[in-house]
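Colleague: Please take a close look at one part of this model, namely its charged side-chain pairs and what surrounds them, and describe it with the criteria stated.

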Amino acid sequence: MPTLAVGMRRAQTRCNERRTYFTRAGDLRSPESIGVNASLAVRLPGPEARGSIRESCMTVALFVVCAILTASVAAAAEAPELLAGVAKIDITDRRAGPVNDPLYVKALVLQQGDTRAAIITVDAVAIGEIGPIGNGYLPAVRARLEKDLGIPPAHVLANASHCHGIVCADVEQRTVQAVQEAVKNLTPVRVGVGTGQENRIMINRRLKLKNGRELDVRHAYSLPPDDEIEAVGPVDSEIGLLRLDREDGRTLAVVYNFACHPIQGVPSGGNTADITGFASRVIEGNLSEGAVALFLQGCAGDVNPVTYKTFDVPRDAESLGNLLGLSVLQATRQIRTTPEARFKLVQKTIELPRADVAQRIIAMEAEQQRLAQSLGGTTLNLKTFVPLLIKYKLAPEFPASPAFEYLQEKARGRGDLARLDSENRKNLEQYIANIQAMEQLTRLNTNLALLRKHQADNVAAGRRTIAVEVLGLRVGEFVLVTFPGELTVETGLAIKKASPHPATFVAGYTNGYIYYAPTSEQLANVGGAQEDSDCILAPEWQRIYLESVSGILKGL
């Protein structure tokens with residue numbers, strides 16, 4: 001429990017932050033604006049009583065200061081200190097092939113009075129549904145933590161980094177072990193919140209086309225022609241930071257929230273925690289000994305690494321991770337921690353509407369047939385097309401022969417080479433048209449398969465809605481809301497803008513996985529990009545979720 005002296009110091013700090021401003025007689029600023037009940041406010045006399053104004057002002061000021069001081073001391077004396085403990089355990093599947101760098105499950109346990117919670121971060125693609133972690137993982141972990149450590153299921157936050165590394169088969173047991181160790185390490189902490197910036201390592205992968213449609217940048221299919229692209233979407237360069245220091249000033253943990261798919265890979269092709277794994281290594285290696293960096297994935301549904309679609313250099317997540325880690329460190333060192341920390345959790349389960357894309361599937365199947373029928377015959381094959389294309393691009397005026405042969409033929413009144421060029425150009429155009437039609441088909445086939453899968457799953461579910469868990473967490477001024485799917489960056493930006501808390505952050509990929517959750521506007525593009533195809537939700541989901549988040553934020 002804080003001592004009276006500590007409480008007095010906290011009260012003095014609060015008093016300094018809550019200055020009362022007096023202007024002309026009769027104008028006392030709103031008592032609510034300085035945290036005082038309106039019933040305690042005293043209205044100053046008007047101009048007719050100027051002689052007593054100074055005395056009245058001093059009396060009111062003293063009364064207000066005393067009221068604040070008393071309330072602050074009482075609050076400080078009643079608020080239990082915040083305890084925190086951290087641990088991390090290797091969960092790399094070393095039987096799955098070569099390992100480039102380790103994958104971890106990390107646990108941060110927070111406790112204030114009787115309230116205890118666990119923040120779990122996992123270097124994995126998802127918490128259930130896809131990848132090596134099954135749907136039974138979270139219920140089993142929660143049940144063990146409640147039984148062994150008294151942590152209620154609603155107080156467990158499990159976030160997947162969304163890296164595509166392979167975790168070990170006993171990841172469930174190792175997760176519980178990490179939380180158990182974190183509980184053993186509980187110690188009083190000071191809390192600080194801050195933000196950093198990083199805009200060099202990611203891009204929005206959705207491409208806005210001139211025809212009004214949208215495509216995305218994926219390895220599953222090719223990019224559209226350059227002249228069809230009109231614009232790209234936004235990114236969120238903000239890094240949300242929670243810093244926890246021991247009482248002696250050594251950093252215990254840093255929680256950082258950022259939005260980017262960690263799917264860059266490494267040159268060796270080995271198992272990797274990818275960008276965020278390298279970032280955490282940089283952070284932990286440059287803070288106090290034993291400090292743990294916990295990454296909470298943000299709204300990365302439509303955000304890729306900046307060099308994701310490159311073919312000129314090996315794909316290497318380490319350089320991007322180093323940049324992110326250094327940006328986190330730079331911002332973390334500016335954070336000042338305090339012993340006061342409001343600690344609160346709010347958990348809600350909401351029902352979101354499932355999509356019905358039957359008509360869109362029919363329309364895409366018709367487009368599939370049209371594209372297939374558009375493929376025309378051509379005398380060229382790949383072997384003859386490539387050298388012919390090079391010749392006609394390299395020397396478009398005289399592609400088939402040297403220039404002097406064209407000139408000699410012209411002087412003789414013949415046009416054989418000109419006719420050959422016309423035929424070759426026609427064949428090249430037809431071959432290129434076939435290639436572009438096939439590229440469209442590959443994109444359509446890939447996304448159509450996703451729509452068919454989710455339509456079948458939604459029908460088989462037997463209900464028009466799906467229950468999802470949303471968690472709100474506040475630690476000091478650090479405020480976080482969650483979602484169990486891949487939110488796109490626009491949703492995260494909207495939540496931050498509307499929040500009453502300046503330091504508000506959003507974590508997708510948390511406490512389950514329900515695939516992508518594009519905005520209602522993006523869902524008008526169903527079938528065009530992965531985000532709006534690999535989705536089980538109807539457009540109305542976004543309004544329901546945002547309304548729920550608004551209520552949670554007010555409750556924090």
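**Charged pairs and their setting**

Modeller: Lysine 453 is partly exposed, its relative accessible area being 35%, where buried means under 20%, exposed over 50% and partly exposed in between (1.4 Å probe, protein chains only). The model is predicted, so local features require pLDDT of at least 70 and side-chain atom pairs pLDDT 80 or more, whereas totals for chains, interfaces and linings use all residues. Residues are numbered from 1 along each chain as its sequence is written, and side-chain values rest on heavy atoms, with hydrogens and water left out.

The partner of lysine 453 is aspartate 457, with which it forms a salt bridge at 2.9 Å from N to O; the term requires a side-chain nitrogen of Lys or Arg within 4 Å of a carboxyl oxygen of Asp or Glu. Aspartate 457 is partly exposed as well, at 36% relative accessibility. Both residues belong to helix α10 (residues 416-461), and because they are four residues apart there, about one helical turn separates them; helices (H or I, at least four residues) and strands (E, at least two) are DSSP runs, numbered from the N terminus.

Helix α10 also has a helical neighbour, since the axes of α7 (residues 358-374) and α10 come within 10 Å and cross at roughly 155°. Axes are lines fitted to C-alpha atoms, for helices over the stretch in contact, and angles run from 0 to 180 degrees between N-to-C directions. The two helices are therefore roughly antiparallel, the label for angles over 145 degrees, while under 35 is roughly parallel, 65 to 115 roughly perpendicular and the rest oblique. In the contacts between them (heavy atoms within 4.5 Å), the residues of α7 include Ile361, Met364, Leu371 and Ala372, and those of α10 include Ala437, Leu441, Leu444, Leu448 and Leu451.

In total the structure holds 25 salt bridges. Another of them joins arginine 543 to glutamate 547, with 3.6 Å from N to O. These two residues lie in helix α13 (residues 541-555), where a spacing of four residues puts about one helical turn between them. Arginine 543 counts as partly exposed, at 48% relative accessibility. Elsewhere, salt bridges with shared partners connect Arg205, Arg206, Lys208, Glu214, Glu531 and Asp532 into one network. Within this network, lysine 208 pairs with glutamate 214, and their closest N and O atoms are 3.2 Å apart. The two ends of that pair fall into separate accessibility classes, for lysine 208 is partly exposed at 31%, whereas glutamate 214 is buried at 13%.

Valine 167, which is found in the loop between β4 and α4 (171-184), counts as buried because its relative accessibility is 3%. Leaving aside neighbours within four places in sequence, valine 167 is in contact with Ile91, Asp93, Leu103, Asp123, Ala124, Pro132 and Ile133. Valine 167 also lies 9.9 Å from alanine 273, C-alpha to C-alpha, although 106 residues separate the two in sequence.
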